[in-house]
Structures are given as structure tokens and as C-alpha cells.
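Reader: Please take a close look at one chain of this model. I would like its fold, its parts and its contacts in one connected account.

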Amino acid sequence: MTYVEYKQLNFFQRFAFNFKKFFKNLPGALGRFFKAIGLAIVHFFVGIGKGFKFYGSTFVKGDWATKLSYVIFGFGCFHKKKYYKGILYFLVECLYVLFLVFFGAEQLYWLPTLGTIEQHTEIVDGFPVTVQGQKSMQILLYATLTIVVTLVVFVIYISNIKDAYKHQLMKENGEKPTSLRQDARDFLDGKYHVTLLSFPILMISIFNILPLIFMILIAFTNYNGTTHINLFDWVGLQNFGNLLNVIDSAKKAQTFFGIAGWTLIWAIAATFSNYILGMIVALMINKKGIKLKGLFRTMFVITIAVPQFVSLLLMSQLLAEDGAFNMVLAFFNGGVNPHVNFLGGDALTARLTVIIVNCWVGIPYTILSMSGILMNIPEDLYESARIDGASPFKTFTKITLPYMIFVTTPQLITTFVGNINNFNVIFLLTGGAPANPDYFNAGYTDILVTWLYNLSMGSGLQDYGLASAIGILVFIICATLSLIIYNNSKSMKDEEAFS
Amino acid sequence: MIKSYKFRRHLSNTLIYLILGIMCLIWIMPFAYLVLHSLRLDGGVIDNGALLPKQLTFQHYIDLFAGNAPSGAGAATLYFPRWFLNTFVVACFSCVISTLSVLAVSYAFSRLRFGIRKRLMNIAMILGMFPGFMTMIAMYYLLKIMKLDGTLVALVLCYSCGAGLGFQISKGFFDTIPRALDEAATIDGATKNQIFWKIILPMSKPIVVYTVLTSFIGPWTDFILAKIIMGDDTTNYTVAIGLQKMISAEFRSTYFQQFMAGSVVVAVPITLLFLKMQKYYVEGVTAGGVKG
């Protein structure tokens with residue numbers, strides 16, 4: 001189809017065309033995605049190969065001091081009179097060895113079994129003494145820490161070899177090693193990125209990456225709050241099997257598919273209701289001839305500005321059985337309070353209420369972003385359409401709507417992914433209620449992430465392994481969605497950009 | 001013909017005013033209810049079926065800040081002033097740390113060129129795709145092992161440590177500042193450090209203010225992380241989880257009005273700060289656009 005032909009289609013035909021194109025492109029996009037992953041893996045191994053080559057060839061070419069620094073950190077630097085660096089490297093080695101001897105080695109030893117000693121009593125000198133059992137969780141966490149530290153030390157080790165070889169070459173060329181002062185100055189100029197990034201990266205490694213690795217590992221264990229509180233074991237992919245295998249592990253799998261279905265419905269309903277209603281209101285506010293635009297906009301922005309937990313808690317109170325909404329209903333009900341339980345009674349009511357309240361929370365965001373876009377549509381487009389005799393409805397469907405949809409598609413996708421992870425609205429409004437007896441520790445309005453919360457931090461049956469497995473699945477869903485659509489929308493942009 | 005066109009336009013405009021008016025009412029009403037009922041004289045959850053309070057009083061605000069337990073409260077009492085102070089302290093510390101790390105990371109990614117830059121940015125993107133509280137739970141164990149769980153230090157660490165990952169907006173701003181400035185400064189003998197502090201930062205006031213405000217507001221509005229870390233001990237609560245505690249089944253009947261008052265007390269300053277932040281955000285984005 002050529003560009004001209006495309007322009008002649010009406011809105012619905014275009015939508016159908018784009019819809020078809022999206023799904024036709026989907027295999028290609030998936031293919032590109034996996035190809036990129038494959039390439040990344042290949043690059044990774046090529047990099048490792050190069051590393052080995054460097055490791056070997058440097059050993060062959062190095063003088064005796066460089067060779068010795070393969071065993072003793074910093075010896076090469078020290079020998080070439082770069083004292084402070086040599087001492088630092090050596091200190092790192094000493095500290096690491098101490099760390100391993102007194103702490104790390106034991107953790108690594110217990111890692112394959114995750115501990116076997118339960119709490120028991122021993123007879124010492126004729127008296128019974130309670131011996132504390134091992135805690136698998138602690139072992140796993142410490143072992144992860146040991147592995148991360150080892151990786152860091154390995155990087156330092158390699159840079160020690162590189163430095164030793166560099167200084168050897170410098171000596172052969174008759175150059176002098178740089179002084180401490182010069183190096184320090186370099187950290188404020190040429191190597192400024194190291195100075196800037198080292199603190200944030202350290203913090204992110206400790207408080208984001210380490211916990212993340214730990215939780216990913218937990219997904220392969222049977223750690224739960226009922227039968228494996230202190231000691232647990234590796235179980236391989238059992239948790240994923242429990243989630244996906246409908247036949248054998250009926251309850252967990254049933255819960256997973258039930259909740260995944262509702263999560264999908266919720267994400268679609270929440271995203272599109274906000275999008276469409278928000279667009280309509282934004283159009284109304286920005287219509288020509290409407291005064292007090294600023295006032296209306298401010299009214300809606302204020303509701304964004306109020307902290308979300310305040311507005312959600314307030315809403316949950318207004319919707320409670322003895323709340324204000326029921327009082328308003330009583331007014332229409334001839335003074336009798338109907339005591340409708342919006343959030344905890346009937347599954348359908350609760351679900352609808354959650355979606356409607358989410359509109360109340362989310363529409364102002366859409367209005368805010370849409371208003372900016374609407375003001376950016378070139379006025380002359382409308383002008384020429386009017387001169388050609390187009391009706392207001394025609395200008396809307398032919399100019400405003402296509403423009404808006406084109407500009408806001410990426411935003412729509414981010415909102416969609418955001419809604420899959422929309423913890424606050426569900427948790428603060430219903431907390432998953434009404435409870436579903438057929439589900440494994442979940443209710444009718446629970447979405448995947450709130451179920452994850454129930455399983456790991458909430459009350460009731462806790463199953464940390466299962467929770468981590470859910471987290472990984474959610475990550476896979478969200479990451480693939482964003483990557484595929486990100487690739488696709490970029491290609492879409494190139495093909496038919498509005499100019 | 002002309003007349004009917006005008007008439008139709010008037011009609012549709014009136015209709016739109018009507019709809020917008022009603023919608024504004026729907027959106028503002030709950031907050032109006034919140035404010036009015038925080039001033040309501042008689043206690044309890046509902047006021048004998050009346051939507052509008054009959055008598056107004058500031059007593060609940062006074063009680064809230066004096067830490068007075070409302071009449072009929074049991075032995076377990078809640079102490080709002082402490083929560084307010086907690087949140088303020090946490091917000092100040094995490095604001096300083098996260099602003100510094102966000103600015104450092106975004107400057108490094110935007111203006112400096114080094115080998116692993118692209119790779120680090122990709123890692124940051126992937127880390128951002130994991131559901132937030134997968135890490136929160138492990139973070140809780142980590143803090144527990146460090147013996148920090150339930151303390152304010154833990155909160156500061158949690159709020160500010162991941163902050164470096166949110167570099168996109170300020171990086172976008174730094175990207176728009178012409179590189180010719182850096183080059184000119186380098187020729188004059190300035191180091192990268194001096195360029196950052198003396199040239200780029202003074203030019204980036206809107207985005208610096210935006211970053212400061214977002215990281216200050218964060219602890220006031222965050223709910224879930226604080227809840228996970230603080231557990232059941234109410235002394236170190238922040239306002240968000242404290243207010244939720246007030247309407248939990250245990251306290252709801254006695255603390256409901258203090259909850260309303262507390263919500264107003266938290267919402268008003270945060271709303272003002274947010275509006276200010278929005279202004280700086282728009283300023284930062286548009287100013288950046290013009291320069292680029």
C-alpha cells in the first residue's frame with residue numbers, strides 16, 4: 001500500500017490496517033528481539049575469549065614482576081615504583097583472603113545444600129544445650145554477597161594485571177609512572193565518570209542488584225512461611241511448574257491463570273477508560289470558545305497533586321459500608337441506607353468500583369498530557385479544513401483523533417505496563433477483597449503484583465519461592481511487551497510521520 | 001442560517017460548561033468532604049447521616065499536633081507529631097543524597113564519554129523493568145541482617161539508593177545544553193569537575209529544583225516501602241503508613257477524624273510543592289528545547 005492509498009482510508013480502515021500490520025510485524029519483531037539477545041550472548045562469550053587471550057599473552061610477554069602480580073596483587077606496580085597503587089592492590093587481596101577465610105568460604109560451602117542443621121539439643125558436660133539451627137535465607141544472602149564481592153575482586157585482579165603490564169611497557173619506553181597527585185587530578189578530569197558514578201553504582205549494587213539476584217535465586221527454592229521457615233532447599237523450576245501446570249498443582253495454577261486474566265482485563269480497562277474519557281474531557285476543555293480553561297485545568301491538576309495514598313484512602317472511606325456514598329444513595333432511596341459494600345461485597349461490584357475509582361484517579365493525568373498535545377496541533381490544519389467545508393465532526397475524526405492517537409501511542413503503552421504493576425490502587429482500595437476461597441491466598445480484585453505482596457509480606461499463607469517466580473514472570477511479560485512495542489513504534493514513526 | 005449556527009454553538013458550549021462543571025464537582029467533592037469533615041465537631045465515622053457538618057471546630061487539628069488521644073481510644077495510642085517529624089527528617093536526608101546521585105549519574109551519562117556508558121544505561125533500563133517490590137522484600141531481609149529494619153536510616157537508604165536509576169529526565173535536560181560550552185571551557189583549562197559545578201549546574205536551575213522537589217516529595221507519598229520496612233512498631237512510622245493505621249479496623253472508630261485532619265495536613269503542603277515542581281518541570285523541558 002502506498003502512502004497516498006493509506007491517506008485515503010477512513011479511520012477504521014486505518015485502524016484495521018495498522019492492527020493487521022502490528023500482528024504481521026510481531027513475528028519479525030520477536031525474531032529481531034531474540035536475534036539481539038543471541039548476539040548479546042555471542043558478544044559476551046567473544047569478550048570472555050578475548051579476556052582469556054589477554055590473560056595468557058600478558059603472562060607470556062610480562063617480565064618477572066608482572067608474572068608475579070598474577071599471584072600477588074600489585075606486585076608489578078610496586079616493582080615499577082608506583083607504590084600507592086601497589087599497596088592498594090595488595091590490601092584488596094589481603095582483605096579478600098581474610099573475608100573468604102573467616103566468612104565467605106563457609107557460606108559458599110553451604111550454598112549447594114542451603115544448610116542442613118536444624119535446631120536441636122546437645123548434651124554438653126551432662127547438661128542439655130540448645131544449638132541454634134542454620135537459616136537457609138541467611139546462607140543464601142551471604143553466599144550471594146560473597147559471589148558479588150568475588151566478582152568485584154576479580155575485576156580488580158584483572159585491572160591489577162593490566163596496570164602491571166602497562167607500567168612494564170612504560171618502563172621499557174623510559175617513561176616515569178605518574179604521581180599520586182597527578183592521578184588524583186585525573187579523577188576530576190579525564191576519569192571524572194569514575195568519581196561521579198562509583199558512589200551511585202555502589203549503592204545501586206547493594207540495594208537493588210544484590211536483592212534482585214537474591215530474589216531471583218529464591219524463585220528456585222521452596223522457601224515458604226509454613227513448612228520451610230528456617231531451612232529450605234533448591235527445587236529447580238518447581239515454582240514455575242506450580243504456576244503453569246493446571247493439571248497437577250490445581251490451586252496455585254488456577255489462581256495464577258485467574259489472576260493473570262483479571263490483571264489483563266484490569267490493565268486494558270484501566271488504560272483505555274482513562275485514555276478515552278481523558279481525551280474527551282481534554283477536548284472539551286481545549287475547545288475554542290470555552291472560557292476559564294485555566295481554572296478547569298487547575299481543578300484537575302490539584303487532584304494529581306494530592307498524594308495518591310491520601311486520595312485512595314479517602315475514597316476507600318467514602319465507599320465503605322457506612323461511608324458518604326451510601327449516605328448519598330440513601331437520599332435517593334427514600335432515606336434508607338442501602339449499605340452497599342462497594343469494595344468487599346460482590347466480586348463484580350468490587351471490580352467495577354476499582355476500575356471507576358481508577359478513572360477518577362487517572363483521568364487528570366491524561367488531561368494534563370493531552371492538553372499539551374492538543375495545543376500543539378497546527379491551527380492551519382483546521383483552517384484549511386474549514387475552508388474546504390469540513391464539518392466539526394469531520395475535522396475531529398480526520399485531524400484531531402489521528403494526530404492524538406499517533407502522538408500518544410507510546411504513552412499508552414507505558415500506561416498499560418504501569419497498570420499491570422498498579423499496586424497502589426488495588427491495595428489501598430480493596431486490598432484484594434472480596435476473598436476467593438478457590439484461590440491460593442488471593443481475592444477477586446487481586447492483580448499479580450498484589451498477589452506477590454500477599455505471598456511475601458501479607459497475612460495468610462506465605463510462599464516466598466512462588467512470589468519470586470511470579471515476580472520473574474511479571475518482569476518477562478512487561479519487558480517483552482515494552483521491547484517489542486518500542487521497536488515497532490519506532491519503525492511506525494519512520495514510515496508515516498505526521499509532519 | 002447564521003443565527004441557527006450561532007445558536008447551536010451556544011447550545012453546545014453551554015452543554016460543555018455543564019459537563020465540565022459537573023466533572024469538576026465530582027473531582028473536587030471528595031476533597032471538599034475531606035476538609036469539611038476534618039473540621040466536624042462530633043466525633044466518629046459518620047455524623048448521624050448528614051453529609052454536611054453541623055458545627056465546625058479546629059479541635060481535631062489541635063489534638064493531632066498535640067498528640068492527644070481522642071476520647072474513647074484504648075490503651076494503644078498513635079502519635080502523629082512523631083510521624084510528621086520522622087517523615088520530614090527522612091525526606092531531608094534522602095533529598096540531599098538522591099539529588100546528588102541523580103545529578104552525578106545524569107551528568108556522567110550525558111556529557112562524559114567512556115567505554116561502558118551504553119552498557120550501564122542498558123543495565124539501568126533492565127533494572128527498571130523488574131516489579132519494584134520484588135527487590136523491596138529482599139531489601140527488607142538485607143536490612144534485617146544489618147539490624148537496620150524498622151529504623152529511619154533504613155528508609156533513607158532505601159529511598160536514596162535506587163535514585164541513581166531515575167536519571168532520564170535530567171539527562172534529557174543536560175543533553176540539550178550545547179557541547180560548545182564544554183569545549184570552550186576545556187580550551188580555557190577547566191577540568192570536567194569545574195565544568196560540572198561552575199557551568200552546567202548553574203545553567204540547570206529548573207531541573208535541579210525539579211529533582212530536589214521530587215526527591216523531597218517521595219518519602220511523603222510513598223506507602224508500600226515504608227510499610228514493609230517498619231512493620232508493626234508505630235514509633236518510626238511515616239505519615240503515609242501512620243494515616244493508614246488510623247483507619248485500620250483497630251483504630252478507625254476513634255481516630256477517623258484525626259485521619260481526616262492528618263490527610264489535610266499532609267496533602268496541602270505536598271500539593272503546593274507539587275504545583276511548584278510541575279512549573280519547574282515545564283520550564284526545564286521547554287528551556288532545554290529552546291537551547292538545543
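Author: In chain B of this predicted model, 74% of the contacts with a separation of 6 or more join residues 24 or more positions apart. The chain has 13 helices and zero strands. From the N terminus on, its elements run α-α-α-α-α-α-α-α-α-α-α-α-α. Along its principal axes the C-alpha trace spans about 80 × 75 × 30 Å. Of the 292 residues in chain B, 38% are buried.

Next, the domains. Chain B is divided into domain 1, residues 2-57, and domain 2, residues 80-291. Their centres, taken over C-alpha atoms, are 35 Å apart. Domain 1 of chain B puts eight residues into the contact, and domain 2 of chain B puts in eight residues as well. On the domain 1 side, three of the residues are nonpolar, four are polar and one is charged.

Helix 12 of chain B covers residues 239-246 and is mostly covered itself, with seven of its eight residues buried. Among the buried residues are Val239(B), Ala240(B), Ile241(B) and Leu243(B). Gly242(B) and Met246(B) are buried too.

Now the partner. Chain A and chain B meet in a contact that takes 62 residues from chain A and 62 residues from chain B. On the chain A side, helix 8 (residues 192-218) gives the most, with 16 residues. By class, that side of chain A has 46 nonpolar, 13 polar and three charged residues.

How far can chain A be trusted? Its mean pLDDT is 84, and 96% of its residues reach 70 or more. Residues 491-499 of chain A are the place for caution: the pLDDT there is below 50. Beyond near neighbours in sequence, this stretch has three contacts in the model.

Met327(A) is found in helix 13 of chain A, residues 324-332. Met327(A) has 16 C-beta neighbours inside 10 Å, so it counts as partly exposed; a buried residue would need 20 or more. Met327(A) and Met375(A) are 48 residues apart in sequence. In space they are 41 Å apart, C-alpha to C-alpha.

Notes
Residues numbered from 1 in each chain as written. Chains lettered and ligands numbered in written order. Predicted model: local features only at pLDDT ≥ 70, side-chain atom pairs only at ≥ 80, totals over all residues. Domains from an automatic or database assignment. Contact = placed C-beta atoms within 7 Å. Nonpolar A, V, L, I, M, F, W, Y, C, P; charged D, E, K, R; others polar. Helix = DSSP H or I, 4+ residues; strand = E, 2+ residues; numbered from the N terminus. Buried ≥ 20, exposed ≤ 12 C-beta atoms within 10 Å, placed from the backbone. pLDDT = per-residue confidence, 0-100.
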